[in-house]
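Please look through the nonpolar core and the aromatic pairs of the protein shown here.

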Amino acid sequence: MAKPNRNNSRPNRPAAAPTPFEEARDELFQHIMQCGVVGAEPEDQTVWFNETMSYLEQRYPELGETERKQLRTLGERFAQPPKARQQQTSAA
């Protein structure tokens, strides 16, 4: 069995540690998927996001107000149901 050619391999670099924002974003997305937020009534989503953002603010105090707003915006977009593709039909 031939050994792999090591000359063309990329050097192993340690993965960069995620930033607090990235950790909070990933945690928020996991909560959204686990808690059934997608497809919930808008009023219920608002209450859920208010409570969850309060929790994340305590969990990640290093995030500034701008980052928390960005995080909520990303979460609200993530919680929207996927848009159906419109099929283009040609009139024959």
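The paragraphs below begin with the core and then turn to the aromatic rings.

This is a predicted model, in which local features need pLDDT of at least 70 and side-chain atom pairs count only at pLDDT 80 or more, while totals for chains, interfaces and linings use all residues. Residues are numbered from 1 along each chain as its sequence is written, and side-chain values use heavy atoms, with hydrogens and water left out.

A nonpolar core is a set of buried Ala, Val, Leu, Ile, Met, Phe, Trp, Tyr and Cys residues joined through side-chain atoms within 4.5 Å, where buried means under 20% relative accessible area, exposed over 50%, and partly exposed in between (1.4 Å probe, protein chains only). The largest such core has 14 residues, of which Leu28, Ile32, Phe49 and Leu71 touch the most other members. Helices H1 (20-35) and H2 (42-59) each supply at least two residues of this core, and H1 gives the most, with 5 residues; helices here are DSSP runs (H or I, at least four residues), numbered from the N terminus. Beyond its neighbours within four places in sequence, Leu28 is in contact (heavy atoms within 4.5 Å) with several residues, including Trp48, Phe49 and Leu71.

Rings of Phe, Tyr and Trp (its six-membered ring) pair if their centres lie within 6.5 Å, with planes under 30 degrees apart counted as stacked, over 60 as edge-to-face and the rest as tilted. By this rule there are 2 aromatic pairs. The rings of Phe29 and Phe78 are stacked, because their centres lie 4.1 Å apart and their planes meet at 10°. This pair links Phe29 in helix H1 with Phe78 in helix H3 (residues 65-78), 49 residues apart. Phe29 is buried at 19% relative accessible area, whereas Phe78 is partly exposed at 32%. The rings of Trp48 and Phe49 are edge-to-face, because their centres are 5.1 Å apart and their planes stand at 90°. Trp48 is buried at 16% relative accessibility, and Phe49 is buried with a relative accessible area of 1%.
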